[in-house]
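These exercises ask you to read a model step by step, taking each term with its cut-offs. What can be worked out from the sequence and the coordinates shown here?

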Amino acid sequence: MKMKPKYYLISNLVVALFFGCSSTTRYSRINDYSEKDTRINNINVLEVKTGTASFYAEEFDGKKTASDEIYDMNDLTAAHPSYPFNTLVKVINLSNGKSIEVRINDRMPQFKERIIDLSLEAAKKIDMINAGIQEVKVEVLKWGE
């Protein structure tokens with residue numbers, strides 16, 4: 001039995017509508033990327049900045065910081081021009097992918113492109129001692145007071 005062209009067209013239309021309306025999970029690289037930007041290991045990243053990091057050590061060791069703490073170059077701390085004290089940030093060395101979480105407890109002078117000044121210990125953990133300064137990404141994990 002030969003199908004009439006009108007029925008052939010209607011049956012193809014029904015099949016197309018059936019499969020076109022099926023419920024499949026849509027995947028979008030854009031949506032996936034933006035979700036990873038704001039949520040990493042179930043931690044909300046509140047702000048992300050990239051720029052140059054430096055470190056400070058012996059000259060300031062044992063001296064008072066802007067937060068009235070005593071600077072210990074062996075602690076995992078950092079200076080930032082404006083973040084509130086006790087803000088927790090993750091610093092990622094962009095040349096090797098190594099990262100460290102530090103607490104902001106000091107201020108630093110504002111240099112063009114310089115976004116954070118790490119303690120000696122923090123700089124060691126991400127292998128930036130030999131370079132002196134390093135391109136980094138800073139992710140705010142928790143705002144301080």
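Predicted model: local features only at pLDDT ≥ 70, side-chain atom pairs only at ≥ 80, totals over all residues.

**Exercise 1.** Is Asp68, another residue with positive phi, buried or exposed?

Solution. Asp68 has a phi of about 75° although it is not a glycine, and its position is in the loop between β3 and β4 (77-79). Its relative accessible area is 56%, so Asp68 counts as exposed.

**Exercise 2.** In what order do the strands of the barrel follow one another, and how are they joined?

Solution. The barrel is closed by 6 strands in the order β3-β7-β4-β6-β5-β8, with mixed pairing; two strands pair if DSSP finds at least two bridges between them. From one strand to the next the twist averages 45°, the axes being lines fitted to C-alpha atoms (for helices over the stretch in contact) and the angles running from 0 to 180 degrees between N-to-C directions. Now take the joins one by one:

- Strand β3 (residues 47-56) runs antiparallel to β8 (residues 134-142), with 7 bridges between them, and Ala53 has Gln134 as its bridge partner in β8.
- Strand β5 (residues 88-93) is likewise antiparallel to β8, over 6 bridges; in β8, Asn93 has Val136 as its partner, and Val89 has Val140.
- Strands β3 and β7 pair in the parallel sense over 5 bridges, with Ser54 opposite Asp117.
- Strands β4 and β7 run antiparallel and share 2 bridges, with Ala79 opposite Asp117.

**Exercise 3.** Which residues have the most contacts inside the largest nonpolar core, and which elements supply it?

Solution. A nonpolar core is a set of buried Ala, Val, Leu, Ile, Met, Phe, Trp, Tyr and Cys residues joined through side-chain atoms within 4.5 Å. The largest such core has 18 residues, and Val89, Val91, Val102, Ile116, Leu118, Val136 and Val138 have the most contacts inside it. Two or more residues come from each of β5, β6 (99-106), β7 (114-119), α3 (120-125) and β8. Apart from this core lies another, of 7 residues, including Ala57, Tyr71, Ala79 and Leu120. As for β7, 5 of its 6 residues are buried. Beyond its neighbours within four places in sequence, Ser119 is in contact (heavy atoms within 4.5 Å) with residues including Phe55, Tyr71 and Thr77.

**Exercise 4.** How many aromatic pairs does a search of the whole structure find, and what geometry can be assigned?

Solution. The search finds 3 pairs; rings of Phe, Tyr and Trp (its six-membered ring) pair if their centres lie within 6.5 Å, with planes under 30 degrees apart counted as stacked, over 60 as edge-to-face and the rest as tilted. Tyr56 and Tyr71 are stacked, at 4.4 Å centre to centre with 10° between the planes, and this pair links Tyr56 in β3 to Tyr71 in the loop between β3 and β4, 15 residues apart. Tyr56 is buried at 8% relative accessibility, and Tyr71 is buried at 2%. Tyr83 and Trp143 are edge-to-face, at 5.3 Å centre to centre with 85° between the planes. Because Tyr83 lies in the loop between β4 and β5 and Trp143 in the segment after β8, the pair ties together parts 60 residues apart in sequence.

**Exercise 5.** Where is confidence lowest and where is it highest?

Solution. The mean pLDDT, the predictor's confidence in each residue from 0 to 100, is lowest in helix α2 (residues 29-38), at 34, and highest in β5, at 98. Over the protein, pLDDT averages 79, and 70% of the residues score at least 70.

Terms used: Residues numbered from 1 in each chain as written. Heavy atoms only, no water. Helix = DSSP H or I, 4+ residues; strand = E, 2+ residues; numbered from the N terminus. Buried < 20%, exposed > 50% of the residue type's maximum accessible area, 1.4 Å probe, protein only.
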